[in-house]
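Here is a quick tour for anyone opening this structure for the first time. Have the sequence and the 3D view side by side, and let's walk through it.

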Amino acid sequence: MNPTKFIGSAIALSCVVFASVPSKLSASEVSTVEKFSSWHELKPSDKFAKTDGVQYFEFKTANGSDAYLIVAETPERKSWQLKPIVNQSTATTTNATRKSGALASVNGAFFNLNNGESTSYITVDGVQKCDPTTNKALTGNPKLKPFLKTIFDRSELRILRGKVGRLEYSIVPHSAHVGRDMEIVHSIQAGPRLIPSITAKEEAFIRVEADGTTVDSIGVNRPAARTAFGITKDAKQIMLLCVAGKRQNEFSSGLTLDQLADLMRHLGCVEALNLDGGTSTTMSIAASDGSVQMTCGRDPETLVKTTLSVFPKAPKPNSKPISL
């Protein structure tokens, strides 16, 4: 989607109705999401390189759109870690995945197409890498000036470390207080929040400008390719989801934001965040044949400023190397 616009909406649509089945289904057997009641009933694809605690799935949504899902188990013993990648300028998700050695990546935060600068706060390894307040294309736009405070405070995923070293995942406004004895290791801002409720209006993705015009930059009510991050109950799993639009053209097919939230909830998420979507929507994975493959995205692949990526966890001293 055009990241130079900053709008969204929480207009309610009819919910997708799901029915459960008792057994796991392969990607070829799953025709719609009505055929499963949670991600547990999906059968992992053998396209993905075997990794402890990380699984890859392909299925179709209720309206027939192709969906691609990474589920990672969060207990500390699992051999993966989640963090953003910030490209020096812009790059494809697949190249970022390949060069960084990631296991899987999706496109990440919003950015300006004209200069490649992030319109979102990004922190990597405790260091702030992107600051939207320095983006002159954003701050100098007279139509956006009344909404900048809201834009700067949009929802972000935080990966925090506690005193004992345990990692926690949360989705909060950028200004949210960091708890005592906690530190932000990584963060990536996007929005709007999808679960527990859609905050598109509150985050100025939908806004009414001075002349009375209502603007919606991410087509909240229109089917489009979408990318999302989710957290399941008790933070047992995190999820990366891409839903493809027809030929990845904006608003040609895919899901509305309400439908995306419904799908994330149905998969088992109790918190979820919308990431950049539309033409940016891309997923790339480390494949079982040793290559890095784009499984969802445009051809030629869209250039993006950031990705949200799953990496193999670095081995501890005196431990055996991780085998992928």
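Let's start at one pairing in a sheet: Leu69 has Leu241 of β14 as its bridge partner. Keep in mind that this is a predicted model.

**The sheet**

That bridge belongs to the pairing of strand β2 (residues 66-73) with strand β14 (residues 237-243), which run antiparallel and share seven bridges. Zoom out, and you find an open sheet of six strands in the order β1-β2-β14-β13-β15-β10, paired in the antiparallel sense. At its edges sit β1 (54-60) and β10 (193-195), each of which pairs on one side only. On average, neighbouring strands of this sheet are turned by 20 degrees against each other, direction ignored.

Now move along to strand β15. How many bridges does β13 make with β15? Strand β13 (residues 226-232) pairs with β15 in the antiparallel sense over six bridges, and Thr227 stands opposite Leu275 in β15. The pairing of β10 with β15 is also antiparallel, over two bridges. There, Ile195 stands opposite Ala272 in β15. Strand β15 (residues 269-275) has six of its seven residues buried, so the rest of the structure largely encloses it.

As background, side chains in a regular strand alternate between the two faces of the sheet.

**The nonpolar cores**

The largest nonpolar core has 63 residues, and the ones touching the most other members are Leu69, Ile70, Leu82, Phe229, Leu241 and Leu267. What does Leu267 touch? Leaving aside residues up to four places away in sequence, Leu267 touches Phe36, Ser38, Trp39, Phe59, Leu69, Met239 and Leu241. A second, separate core has eight residues, including Tyr121, Leu138, Phe152 and Ala204. In general terms, nonpolar side chains tend to be buried together in soluble globular proteins.

**Rings that meet**

Searching the whole structure turns up three aromatic pairs. One of them is Trp39 with Phe57, an edge-to-face pair with 6.0 Å from centre to centre and 65 degrees between the planes. This pair links distant parts of the chain, since Trp39 is in the segment before β1 and Phe57 is in strand β1, 18 residues apart. Are Trp39 and Phe57 buried or exposed? Both are buried.

Another pair is Phe110 with Phe205: the ring centres are 5.6 Å apart and the planes are at 45 degrees, so this pair is tilted. Phe110 lies in the loop between β4 and β5, while Phe205 lies in the loop between β10 and β11, so the pair ties together parts that are 95 residues apart in sequence. Phe110 and Phe205 are both buried.

**A helix with a buried face**

Next, look at helix α1 (residues 93-100). Its buried residues are Thr93, Thr94, Ala96 and Thr97. Looking down the axis of α1, you see these buried residues fall within an arc of 165 degrees, so they line one face of the helix. And what covers them? The cover includes β3 (80-92), β4 (104-107), β16 (283-286), β17 (292-296) and β18 (303-312). Just after α1, Gly101 takes a positive phi of about 75 degrees.

Most residues other than glycine have a negative phi, and most peptide bonds are trans. Here are some places that go the other way.

| Spot | Feature | Angle |
|---|---|---|
| Ile195 to Pro196 | cis peptide bond | omega near 20 degrees |
| Asp299 to Pro300 | cis peptide bond | omega near 5 degrees |
| Asp125 | positive phi, not glycine | phi near 55 degrees |
| Ala235 | positive phi, not glycine | phi near 55 degrees |

Where are these spots? Pro196 is in the loop between β10 and β11 (206-208), and Pro300 is in the loop between β17 and β18. Asp125 has its place in the loop between β5 (122-124) and β6 (127-130). Ala235 is found in the loop between β13 and β14. With 29% relative accessibility, Ala235 counts as partly exposed, because that class covers values between 20% and 50%.

Conventions
Residues are numbered from 1 along each chain as its sequence is written. This is a predicted model: local features need pLDDT of at least 70, side-chain atom pairs count only at pLDDT 80 or more; totals for chains, interfaces and linings use all residues. Side-chain values use heavy atoms; hydrogens and water are left out. Two strands pair if DSSP finds at least two bridges between them. Helices (H or I, at least four residues) and strands (E, at least two) are DSSP runs, numbered from the N terminus. Axes are lines fitted to C-alpha atoms, for helices over the stretch in contact, and angles run from 0 to 180 degrees between N-to-C directions. Buried means under 20% relative accessible area, exposed over 50%, partly exposed in between (1.4 Å probe, protein chains only). The arc is that of the directions from the helix axis to the C-beta atoms. Contact means heavy atoms within 4.5 Å. A nonpolar core is a set of buried Ala, Val, Leu, Ile, Met, Phe, Trp, Tyr and Cys residues joined through side-chain atoms within 4.5 Å. Rings of Phe, Tyr and Trp (its six-membered ring) pair if their centres lie within 6.5 Å; planes under 30 degrees apart count as stacked, over 60 as edge-to-face and the rest as tilted.
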